Amino acid sequence: INTNDYSKVIDKYSFGFEIETSAGIIPEYKCKQLGLIPLRDGSISGHEYTTIPMKGIAGINLLANQMKELKSSCAIDRNCSVHLHLGGFPLQVSKILSLYNLCHELQLEIGELFPYYVYNTSKYKSNGKDYCKKLPQKMDSIEVLYNFLSDGNADWDNSFTKPHPNDPRRDRKWEVHSRYYFVNFINMLFGKNIKTVEFRVHNATTNIDKLVNWLYICMAILNYAENNSEPGRKTLAQIIEYSYDTKTSTILYDYIKERKVYNKMCQNKFSDTYGYFDLMDDKEMSFKTPVN
């Protein structure tokens with residue numbers, strides 16, 4: 001049942017990507033034209049390019065231009081990844097719990113869309129660190145979730161804006177250990193910054209088709225959690241069907257199936273645990289998306 005006729009899901013949430021690269025550089029004037037902010041990250045050898053906040057089809061069109069430039073100017077390797085920030089999710093305790101528990105429910109299936117060690121990056125990253133762990137357990141209350149996200153150093157007191165106790169000045173984010181899960185809720189529950197939820201699980205890519213489909217999938221997860229207080233046992237197919245029309249859903253089903261088959265083949269046939277072939281094929285890969 002599609003309950004969202006009042007507003008297309010793709011228009012409900014703002015989005016921004018962080019694209020990590022291993023080499024190459026985009027000139028400053030092009031970054032300004034494209035809405036890209038180059039940053040340095042100690043975990044990678046190249047720049048991390050953060051996009052400005054975007055929304056809707058206009059934002060997807062801008063993303064396509066950003067990825068075209070990144071694909072031609074920069075390289076990626078196994079130490080890189082892609083992070084997606086989504087804004088506009090309600091700051092309501094019940095809905096945040098629903099989103100967390102839905103992500104926990106879906107994480108095994110989501111892992112099938114990516115290389116085998118996606119939740120164990122320490123096994124292939126040069127620095128041996130885990131940046132994208134599975135969520136450890138279902139959370140039955142905001143008190144338990146908040147204590148977990150504070151690394152056990154703070155209790156819930158009905159505030160979404162207190163600084164994280166491990167990073168009170170917001171200049172030591174690496175000290176916030178609970179951010180290194182495949183979905184990061186720190187910005188949602190701590191600080192006076194823009195309230196976003198971060199999906200950290202996507203492996204390195206500059207492929208626009210992968211990113212558009214991933215964006216639609218993640219927006220469907222937010223949309224379902226926003227409108228259903230008890231997610232229960234759900235699949236990605238059910239989440240997508242709830243949020244989109246038949247045409248869009250079919251495109252996303254096909255993409256999910258194709259990515260599952262590809263990554264399973266890479267692992268079983270070639271013992272490709274970190275996505276070597278996915279990296280090699282990234283520029284040439286082409287997928288149907290809801291906008292092409």
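## Surface patch

Leu 39 belongs to strand 3, which spans residues 36-40, and in this predicted model Leu 39 counts as partly exposed because its relative accessibility is 36%. Together with Ile 37 and Ile 52, Leu 39 forms a nonpolar patch on the surface, and the accessible area of these residues together is about 220 Å².

## Salt bridges

The structure holds twelve salt bridges. In one of them the side chains of Glu 226 and Lys 12 meet at 3.4 Å, N to O; Glu 226 lies in helix 7 (residues 208-227) and Lys 12 in helix 1 (residues 9-12), so this pair ties together parts that are 214 residues apart in sequence. Glu 226 and Lys 12 are both buried.

A salt bridge also joins Glu 69 and Lys 30, with 3.5 Å between the closest N and O atoms, and this pair links helix 3 (residues 56-73), which holds Glu 69, to helix 2 (residues 28-34), which holds Lys 30, across 39 residues. Glu 69 counts as buried at 13% relative accessibility, whereas Lys 30, at 25%, counts as partly exposed.

Salt bridges with shared partners join Lys 210, Arg 259, Asp 278 and Asp 282 into one network.

Conventions:
Residues numbered from 1 in each chain as written. Predicted model: local features only at pLDDT ≥ 70, side-chain atom pairs only at ≥ 80, totals over all residues. Heavy atoms only, no water. Patch = residues over 30% accessible without salt bridge, like charges linked within 9 Å, V, L, I, M, F, W, Y side chains within 5 Å. Areas by Shrake-Rupley, 256 points an atom, 1.4 Å probe, with all protein chains shown as cover. Salt bridge = Lys/Arg side-chain N within 4 Å of Asp/Glu carboxyl O. Helix = DSSP H or I, 4+ residues; strand = E, 2+ residues; numbered from the N terminus. Buried < 20%, exposed > 50% of the residue type's maximum accessible area, 1.4 Å probe, protein only.
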